[in-house]
Amino acid sequence: MEATPLDGIAEALHALATAGGDRPAGALTPAELVAVNQAFGALKRHVDAAFAPVAAEISRQSRRELGKDSLAKKQGFASPAVLISTTTGTSVGEAVRIVQVGEATAPRVSLTGEALPAKHPHVAEAVAGGGIGMTAAAAIISLLDRLAVRVDAARLDEAERQLVGLAPGLRPDELGKLLARAEAHLDPDGIEPRHEQLVSERTFQMHERDGMLVISAKLDPETGAPVKAALDALVGDALRRNEHADEVDRDPRSVRQIQADALADLCRHAIGCDRVPTGVTATVVVRMDLADLEAGTGAATIDGIAQSIPASAVRRLAADAQIIPCVLGGDSEILDWGRAKRLFTPVQKLALGERDGGCAGCGAPPAWCHGHHLEWWDRDGGRTDLENGVLLCTGCHHRLHADGWEIRVDGPGIDAKVWLIPPPWIDAQCTPRLAGKSRYTLTA
């Protein structure tokens, strides 16, 4: 029988789990644990890919018009999703996603009997090869189907190809950011109505429970931008103070606790305090093409927020809050300081924020980050220039150094690409991993 990808994965898992004779799996080295985790991830993606067409067929044989002859109802289930979730031990939502992927990636037959490719061939190829899982595949399919009536088929096909190439390795929040940026890129005319819909859905609720004041809010990007900018600035200031603090002076609060206290500090200031307790100034940074802003068209992004906003919202923000537009590198600004300054200037940090989109490692908001010299100032004589800088939050700064990661910047200015290079114990080939804003950006 011909070997399959699953055979190789199973052999690798068995070899790693039994390495060293009777040594238990709990004694695996860090490198072996990483390899086993990756192998199980690949195994799950391949199993899900093999099951997706089965799930799609269960759904087809359980469609509503079949009535009492529905396969799911004959088995005693209200829907095919409930049947699948019950028998596989997954949630109903996961079952719905795997059916969606199975339907969108299965080969088709025309009315004349001609064989047709899958509705989404690039997703089908990535799923079959184990490159992406059901969650990413379903999210990409949902976006493409939503845009199908407004975007040219050729552009959608190219976007699908790029999305399946960018999706592997992204966390769910990073995948959401990628898809939000892709939608704005593909359908700029839809930004205004989407934004108005979000504005109409904004809510804020407060109630007491178990002695605590419980706050729940949904804010559209325009309404939420100053809120997020103020809280991020206060959180970032606390994290930076912790970076070089000893155990006695270290702030023991979690990020969520710092955010809660920051909100209380801002409200105290609003009702009578003569200064913000931390003394931090918050700024909303909006990034948009100048020609689009002047013409009143196109899309803009706000630091730390994935959803794009229309030009009309940018104008309203500029009237109500402190706004810094992304107009960098003009005659009045110096972006490269050589050895004249050790710390990156505020203008340079804005430029790094435009290039990196936040922490190049984890995507944390720019307000939480600081400029890090790739060639160290003291050890390597590194220059305080954009090409020698990258935005990193405190956690990623220490993690990348401690674990032996390297960072590479290809190209000049804000259009450069940032790569994270893992150490050999994580990846024997030290394969560079795309980092920064490029992870979420489709090419034209």
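Me: What makes strand 9 count as mostly covered?
Reply: Four of the five residues in strand 9 are buried, where buried means under 20% relative accessible area, exposed over 50% and partly exposed in between (1.4 Å probe, protein chains only). This is a predicted model, in which local features need pLDDT of at least 70 and side-chain atom pairs count only at pLDDT 80 or more, while totals for chains, interfaces and linings use all residues. Residues are numbered from 1 along each chain as its sequence is written, and side-chain values use heavy atoms, with hydrogens and water left out.

Me: How many residues of the protein chain count as buried, as a percentage?
Reply: The figure is 40% of the 444 residues. The chain has 16 helices and 13 strands; these are DSSP runs numbered from the N terminus, helices being H or I with at least four residues and strands E with at least two.

Me: Why is Glu354 called buried?
Reply: Its relative accessible area is 13%, which is under the 20% limit, so Glu354 counts as buried. Glu354 is found in helix 15 (residues 346–356). Glu354 and Arg287 are 67 residues apart in sequence, yet 7.6 Å apart in space, C-alpha to C-alpha.

Me: What joins strand 9 to strand 10?
Reply: Five bridges join them, and the two strands run antiparallel. Two strands pair if DSSP finds at least two bridges between them, so five are enough for strand 9 and strand 10. His372 stands opposite Val390 in strand 10.

Me: Why are strand 11 and strand 13 placed at the edges?
Reply: The open sheet of three strands has the order 11-12-13, with antiparallel pairing. Strand 11 (406–410) and strand 13 (433–435) each have a single partner strand, so one side of each is left without a neighbour in the sheet. The twist averages 35 degrees from one strand to the next. Five bridges join strand 11 to strand 12 (residues 417–421), and Glu406 stands opposite Ile421 in strand 12.

Me: Which residues of helix 16 are buried, and what covers them?
Reply: Thr394, Cys396, His397 and Leu400 are the buried residues of helix 16 (residues 394–403). Their cover includes helix 11 (221–243), strand 9 (369–373), strand 10 (389–393), strand 11 and strand 12. Just after helix 16, Gly404 takes a positive phi of about 85 degrees.

Me: At what angle do helix 11 and helix 16 pack?
Reply: The angle is about 35 degrees, with the axes 9 Å apart; axes are lines fitted to C-alpha atoms, for helices over the stretch in contact, and angles run from 0 to 180 degrees between N-to-C directions. Leu239, Arg240 and Glu243 of helix 11 make the contact (heavy atoms within 4.5 Å) with Thr394, His397 and His398 of helix 16. By class, this contact has one nonpolar, three polar and two charged residues. Ala, Val, Leu, Ile, Met, Phe, Trp, Tyr, Cys and Pro count as nonpolar, Asp, Glu, Lys and Arg as charged, and the others, Gly among them, as polar.

Me: What makes helix 2 oblique to helix 4?
Reply: The axes of helix 2 (residues 30–60) and helix 4 (residues 80–88) come within 9 Å and cross at roughly 140 degrees. That makes helix 2 oblique to helix 4, because angles under 35 degrees count as roughly parallel, over 145 as roughly antiparallel, 65 to 115 as roughly perpendicular and the rest as oblique. Phe51, Ala55, Ile58 and Ser59 of helix 2 meet Pro80, Leu83, Ile84 and Thr88 of helix 4 in this contact. By class, the contact has six nonpolar, two polar and no charged residues.
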